Amino acid sequence: MSALRRILGNNWPVSVFLLLLLTLIVLKGRFNGFDMRALSVNSLPLVLIALAQFLIILTRGIDLSLGPIASVAASLMALHISDNAMLGIALPLFAGLGAGLFNGALIVGLRLPPIIVTLATMSIWQGVALVLLPDPGGSVPAGYQAIFMGSFSSPVIGLVTLVVWTALVTWLLSSRFGLSLRAIGSDELAAQMSGIRVRRTKITAYAVGGMLAAVSGMYLAVAMTSGSPVVGDGYILSSIAAVVIGGVPLVGGRGAPIAVVMGALILTITASLLYFAHVTSFYQSLINGLILLVVVGSPGGRDYAAGLVRR
Amino acid sequence: MLRLADIDKTYGATRALRAVTVEAEPGTVLGLAGENGAGKSTLIKVAGGAIAADRGTISLDGLSIQPRTTHEAQAHGIVSVFQELTLLRDLSVEQNLFLVDAPLKRWGSIDRRAMRQQAAAILARHDLTIAADTRVGDLPLGQQQMLEIVRAVARKPRVLLLDEATSALGTTEVAWLQRLVQSLRDDGTMVLFISHRWDEIVSFCNRVAVLRNGELVGVADTAALSEAEAVRMMTGHAVSEAEFPNKGAASDGVALTATSLRSRSLDNVGLELKRGEILGLGGLVGQGQGHLLEALFGAHRVAGEIAVNGAPLIQPMPRRAMQAGLAYVPQERKTQGLLLLKSVGQNLTLATLDRLRTLLGLVDAGAERATVEAAIIREQIKTRGGAEPIRNLSGGNQQKVLLERWLLTKPSILLLNDVTRGVDIGTKRHIYEVIAAIAREGVGVIWYSTDARELVGVAHRVLVMLGGRVAAELRGDEVTADRIVAAAVMGAGQ
Amino acid sequence: MNAVRTAAVPLFLLALTLGMLALGQVLAPGLANSGNLLQLLKIASFLGLVALGQTLVMLVGGIDLSVAWVVTGSAVVFTALCAGLDANTAQAAAAAIAVGLVVGLVNGFGVVKLRISPIVMTLAMNNIMLGATLVYTGGTPSGGVSPALRALATGGVGGMPFMVIVWLLVGTLAIVAIRYSRWGRRLLAVGENATVSYLNGIANDRVVIGAYVICGTMASITGILFAAFSGSSFLGMGDQFVLPAIAAVVLGGTSMFGGRGGYGGTFAAVIFTTMLSTVLVIGNISAGVRSIIFGAAILAALIAQRLLTRGEDRD
């Protein structure tokens, strides 16, 4: 039981997600492999960007350029993968890594506030995506969808992918690197004085974040079988929202990856819920906003955010 | 042997260190003594890699080293405990102990069980009764300081640097540290020790290096140096024991009463303060003294009643307390007292902005300038002027600004929270005189101090606190350092 | 000494702006005449008003991401209620301004009383305003701007656009209030260290909530005026202001951590960013490259500014 608690961090977001899932099942009257695949595949891009955002927020940073990095990755993949599969996969990853390193170097090297640095790089990557691919286009052969997301009726690959990425980030956080991230978010100066390599750790967080964002963009390209220069823009703020709904305070130092994944799933599932409840999509952002406020504003929500410190 | 040779360090226009050379032999404890701004902390930070010297060499056992970061210094076995705590408050005790070298499992993730066991062993070895999974921020300040020291010692240093490591410790905890330092010394560790308190230098150190204005005045065996001699070396002129001014007599009028104050850290505290009286608060660190002062000022929520000059304070908060004539000088100058980004002048008038009002809500610039210039002269604040950023001033002068800000409010009751801690002797004497003078004018003062001798010198009457209660009240001849210390440890009835 | 430092950022931005202007003059000879410059100031004024509110919020260590849909929401409410009639203008404007005022109040309340982080609080309010606006309009804004207000937003007197006059007046008021009033002192004190300001009798809550309320109100006023300028309200019209406003505040030398800065720097930065976009458009540069150059220019200005003021936050 305590082991379960440890893995779940705290059951708050898990319970909320399960409740929403149950509601969806009741509304729809079914929840088969097709639905499960849809949920896992639809949520995957947000899950990945939210995890990236989470690593950065742990250091008391924030990254507004993750969405546009995903756009650049999607565009690069769609442009190249038909001609050269290796290039089509490696290029977006390197772009994500480079973009993250660039952010990290500016923030750490010049001690500039993350929000304003990534605001500027956000504009830069939005521009780069537009230059690469002025209109939605390029192509990603449908075969990749079968490989990375499974066939339309089978949820296995989608679910496994979700679990694997979550496990990877959980492992990353249970390492010394993870402890360093938390320490930096808790008190950067004290962490420095305690012998933690603050600069290196922070740059790494942004670099890993950039890579994860690129992977997210690649999933988007695979799902759409093409690229789009604006595909990531919707994730700029929703990635922050997912992290927050996952109970992570923006002042850094605390939070669990599984909770962040739940945050992303909650945001994804509300969209389908509204659709099946025949509510006009106009209400979606209204409801997302309210969820956000309820989570952070209710006393329970705040306690729970604080409770996540204890793993 | 650790040798720091010809160390120079300049900050802007001030030379913090000038050609300072000190050596420490294995198995010795070297004290660094001097007034504020003498360069002790700068020197120890150079040795610990936290600050790079402009010039000079550091060698350990004959090998020249150049630690550019605390990390590099640690690689050479030089470990620092700084004045500011460097623990991570949001992390657990065990995570803090193994921040950079946590035991790992096969796949590179941290082995929590092994970490907890090893942490518990370290804590037990050093007589610390703290659970290893406690969040550090939940520990009292004294225990945090002890943990900080234990963490440094657990790295098995060749050289241990203790910079004001006793400032948050009470009497029993200082004794604990003394035992720890002795055992390290006997094992051949070199220890550098900074303290403002001469009695600690004497009891901890074999030798002491005295600094003044960034220069080394001399090195001597502590046994061979009298306190008077040491003070003369530190200040440059002969001074005996800090002198205390005439207190004057308290009147019969009651300035403030507090009845059955209760909170998380206060347990049924009551007190009465007369006009013109200086009421001392003593006891071990963290027994509720600070919270009592904050409660009286409305900054710490309590149940109970507070009355000022006979009128009850309703829903106390700082603004209302100020209107009732209270003033509170907090303990933490940099985090609770000063606005470090602002000028000397803006810091001086912060609590009296309402008196500088003109039409349209603007600040009366002329009146402000006059007030500030007068205050700088009256308090002998060393500054280039009211427009100078406050952070350029030395600690003692910053403290004068903070005190003067509250004197400008013309309070009828002044609450002082350990205001002379970490302040040089000259400033201390100035503060004693200023407070005694306003008490003679009829202001009631409640003064918490960690220094028992200071309480004896300044206070008419002393309340000693223990565990959130008033454990003893000492009046008249009873007010002696021995009685205060005894009551602090044992409470009432001795 | 301090005066030099306060003026350093605006002067630096002014130099950059003049550089931009020279570049624009090369690209499109005749750009640098007074008529064009006043037009440019007129366009900048909308961003300037949003950035004014943002400056106050950032001075108290906060940030307001909800201005995007407060601008849009207020504009939509205004045009719907005004319905193109002069007679309705006052009531419609009052209702629209109430939108921003209430959102600001809620933002401030959440940040101060519930201790929600400003990014999250205002992000949530932005979502709520977005949803509310969609629901209110059913997806299509209706109504129209009254001729009187249209004249105010587009017209001028003796070649001087009204909008520029409004901006200069409000801007001057903000600069003076932040620097020389007791309110400004309190704003900067709370922003730098809330504990210190509380212990000195300052009503922190009131000051911070006030900053958010002014920010929301400024966003509403901008929404109304921008709808008047454009001739109608449209969904998403506020999006273009948020990030440039934040960029302008930071470029203008206001610290993201609160307690340091003012509107003078923001004012200069707003002109600079507007000039930059204008030159990029004149240079007939594609949207993608424009976006890259815009981001790079902000970075360059940030870096230059950091190097100029280096050593300032050393203790």
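In what order do the six strands of the open sheet in chain B lie? The order is β16-β17-β18-β13-β19-β20, and the pairing is mixed. This is a predicted model.

**Chain A overall**

- Chain A has 15 helices and zero strands. Its radius of gyration is 19 Å, close to the 19 Å that the globule rule gives for 311 residues, so chain A is as compact as a globular protein of that length.
- Along the principal axes, the C-alpha atoms of chain A fill a box of roughly 55 × 45 × 35 Å.
- Of the 311 residues in chain A, 57% are buried.
- Among contacts in chain A with a separation of 6 or more, 80% are between residues 24 or more positions apart.

**A helix pair in chain A**

- Helix α4 (residues 66-80) and helix α12 (residues 235-245) of chain A have axes that come within 7 Å and cross at roughly 125 degrees. Angles from 65 to 115 degrees count as roughly perpendicular and those over 145 as roughly antiparallel; α4(A) and α12(A) are therefore oblique to each other.
- On the α4(A) side the contact involves Leu66(A), Gly67(A) and Ala70(A), which meet Tyr235(A), Ile236(A) and Ser239(A) in α12(A).
- By class, this contact of α4(A) with α12(A) has four nonpolar, two polar and no charged residues.

- Strand β13 (residues 278-283) and strand β19 (residues 461-466) of chain B pair in the parallel sense over five bridges.
- Leu279(B) has Arg461(B) as its bridge partner in β19(B).

**Strand β11 of chain B and its partners**

- Strand β11 (residues 254-262) of chain B runs antiparallel to strand β12 (residues 269-274) of chain B, and five bridges join them.
- Six residues lie between the strands in the hairpin of β11(B) and β12(B), where Asn268(B) takes a positive phi near 55 degrees.
- β11(B) is also joined by five bridges to strand β14 (residues 303-308) of chain B, again running antiparallel.
- Ala258(B) stands opposite Leu271(B) in β12(B), and in β14(B) its bridge partner is Ile306(B).

**Chain C against chain A**

- In this interface, 36 residues of chain C are in contact with 36 residues of chain A.
- On the chain C side, the elements that give two or more residues are α5 (118-137), α11 (239-251) and α13 (287-308) of chain C. The largest share, 14 residues, comes from α13(C).
- By class, the side of chain C that touches chain A has 26 nonpolar, eight polar and two charged residues.

**Chain C against chain B**

- Here the contact takes 19 residues from chain C and 22 residues from chain B.
- On the side of chain C that touches chain B, the elements that give two or more residues are α8 (182-192) and α9 (194-199) of chain C. With five residues, α8(C) gives the most.
- This side of chain C has seven nonpolar, seven polar and five charged residues by class.

Definitions and conventions: Residues numbered from 1 in each chain as written. Chains lettered and ligands numbered in written order. Predicted model: local features only at pLDDT ≥ 70, side-chain atom pairs only at ≥ 80, totals over all residues. Helix = DSSP H or I, 4+ residues; strand = E, 2+ residues; numbered from the N terminus. Rg over C-alpha atoms; globule rule 2.2 N^0.38 Å. Buried ≥ 20, exposed ≤ 12 C-beta atoms within 10 Å, placed from the backbone. Contact = placed C-beta atoms within 7 Å. Nonpolar A, V, L, I, M, F, W, Y, C, P; charged D, E, K, R; others polar. Pairing = 2+ DSSP bridges. Axes fitted to C-alpha atoms, helices over the stretch in contact; angles between N-to-C directions. Parallel < 35°, antiparallel > 145°, perpendicular 65-115°, else oblique.
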